[in-house]
2 protein chains.
Amino acid sequence: MVEQAHIADTAALLNSALAPSRRIVHAGEAVYQAGIGFTHLHFAHSGAFKVVNLAQDGREQIVGLKFRGDWLGLDGIANGVYACDAVAMDTGELWSFRYDALLAACAQQPALLTALHQAMGLQMAQSRNSLMSVCTLPADARVANFLHEWALALQARGLRTDQIALRLTRAEIGNHLGMTLETVSRALTLLSRMQLIAFPVKGRRDIAIPDIDGLDDFVQDSLAGLGPVLH
Amino acid sequence: MVEQAHIADTAALLNSALAPSRRIVHAGEAVYQAGIGFTHLHFAHSGAFKVVNLAQDGREQIVGLKFRGDWLGLDGIANGVYACDAVAMDTGELWSFRYDALLAACAQQPALLTALHQAMGLQMAQSRNSLMSVCTLPADARVANFLHEWALALQARGLRTDQIALRLTRAEIGNHLGMTLETVSRALTLLSRMQLIAFPVKGRRDIAIPDIDGLDDFVQDSLAGLGPVLH
DNA sequence: CGTGTTATTGACGACCCTCAAAATGGGTGG
DNA sequence: CCACCCATTTTGAGGGTCGTCAATAACACG
C-alpha cells in the first residue's frame, strides 16, 4: 500500500537514479490528454488529480483519483497513446520521466522496477474495487464507500481526514460512481443526518468525517440485507 | 492489443529467456487462490479462465476473463498476496514463472519487460472499460457490449466467432455485469429476437453471433437517448 | 449587489430487482 | 436406452430504487 514512508523512499530513489523534470500544475490544468502519444510517466509529489477515461462514442468517466505518491500516465502503456485525460484538481508538483529512461534506470535499480510494478498493481486493485463497489452496493453505500476510501487515501499520506475538500462537483462524483448528481446529493444528506459526515458551517463542498470506520460500518450494514438504520 | 502474431512472439521470447514450467489445467480447477502468497505469474498458452475478486466481507465478483496470450496472477503484485481466485473454464495450458525469475530475465531482455508491461496496461484498460460499461450502459446494452468484447477477444486470437461457448452461467454473467441472472436472460432473449445473436438448435449455453458489429451498433443506439428499435 | 453555477429537495415514472412458477437440458443409475 | 433428478434457464407479475424533470436555494464570482 501507499504509505508516507514508502512515498519518501520512492521519491529518494527517483532522485538518485534519474533527473526528474519538476513541474508545477494548477487546478484545472491538464497533465496529459487522451489521444496524444505516450512518452512520460508522472509521479505526483503533491496535489490531487482526476483521471478521466474517454470512449470513442463520447462517453467520459472519472476512473481514478490520484494523490501524492501515485503515478499518472499508466493508461498510456498499453497502446502507446494515453487513453485518459489527467487533470489537476488543485496546485501540485509532478515529477516527470521519459518512460524509456525510466525503464533503463530500472535495469540498474531493481528497487525502482519494484516500485513501478507496485504502483501498477495498486491501480489494478483500485479498479477492481471500483467495479465491485458499483456492481454490488446500493447508491447510498457507494457514496459512503467512496468517502471512506478517500479518507483512507488521505490518512495513508499523513493528511488530516477530519475535514476533507472533495474538489469534485456532485455531478463528477455521480459520474465516477455510476449515479446521478441528485442521488449523490440525497445520499450525502442521508449520511449527514446519520451523523456519519458533517458539513462545515459554510459551504457544502468540504466534508467532515468524525469517524472513518463509521462509514465502513454503514456499507457493511447495507450489505446485510436490511437497509441501514434510519430513513 | 493482443493479436495472434504478438502472442506467438511473446511465447517464443518466454521460451528462449526462461524455462517455463508447463501445466495443464481442467475446467473448474483453480490456478491460484486469493490470500495465498504471490510467487508466480502464469501465461495462458491456451484455455479460458475467470478471475474472481474477493472482498473481506464475502462479496465476490468476476472481474476479468482471460484467454490465450493473457497473463494470470497480476493481482498479486500489489500486496504480495493474490487478491483473486483464478479458475479454468475449460482445459488449457499454462506457462508458469517465478515472478523474481521473470524480473531477472527482463533485465537481460528488454522486450520481455515491454511485453509484461503491455499485459499490465491491457488489464488496466479492460478494467476501465468494464467500469464505464457498468456505469453508463443500460442492462441490455451491457450484455450486448459484453458479447461484443468476448467476440473481439476470440477474433484477435484467430478463433471462430460465429459460434462461441460462453462457459458462464447467467448468474455469473450477471455477477460480472452488475445485474441479476433474470435480467441477463431477458437481455439475451431480446438480442435473439433482434437477430443480433442466435441460439444453436440445442442448448442455450452457446451463442452464435452472425454480425459482430451489429452488437456494437445496438450499444451505440441505446446511448442515443431513444431506446433501441423493437421492444 | 447581481448573475451564473452548483446544490438541494420534491414528485413522478421507468428500469431493474425480487419472488415465484414452469420449462429445458444435462447427468446418473436402473 | 429410458426415467428420473437437479441445476439452469426462461418467463411472468409486482414492487423498490434510482433516474428524470422541475423548482428553489445556496454559494462564488465579478
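Begin by selecting β1(A) and strand β8 (residues 92-98) of chain A, which run antiparallel and are joined by 5 bridges; helices (H or I, at least four residues) and strands (E, at least two) are DSSP runs numbered from the N terminus, and two strands pair if DSSP finds at least two bridges between them. What you have open is a predicted model, in which local features need pLDDT of at least 70 and side-chain atom pairs count only at pLDDT 80 or more, while totals for chains, interfaces and linings use all residues. Residues are numbered from 1 along each chain as its sequence is written, chains are lettered from A and ligands numbered from 1 in the order in which they are written, and side-chain values use heavy atoms, with hydrogens and water left out.

Within this pair, pick Arg23(A), whose bridge partner in β8(A) is Leu94(A). Widening the selection to the open sheet of 4 strands shows the order β1-β8-β3-β6 (chain A), with antiparallel pairing; the edge strands, each pairing on one side only, are β1 (21-25) and β6 (71-72) of chain A.

Stay in strand β8 of chain A and select Ser96(A), which is buried, with a relative accessible area of 8% (buried means under 20%, exposed over 50%, partly exposed in between, with a 1.4 Å probe and protein chains only). Its side chain is joined to that of His42(A) by a polar contact of 2.7 Å, the term standing for a pair of N or O atoms within 3.5 Å; within protein, one must be able to donate a hydrogen and the other to accept it, and residues adjacent in sequence count only if both atoms are side-chain atoms.

Strand β2 (residues 30-32) of chain B is joined to β7(B) by 2 bridges and runs antiparallel to it, whereas strand β4 (residues 48-54) of chain B pairs with β7(B) in the antiparallel sense over 5 bridges. Select Val87(B) to see the bridge partner of Ala30(B) and also of Lys50(B).

Finally, display both chains: the contact takes 43 residues from chain B and 43 residues from chain A, and across the interface 11 residue pairs are in polar contact. On the side of chain B that touches chain A, α3(B) gives the most, with 19 residues.

Terms used
Contact means heavy atoms within 4.5 Å.
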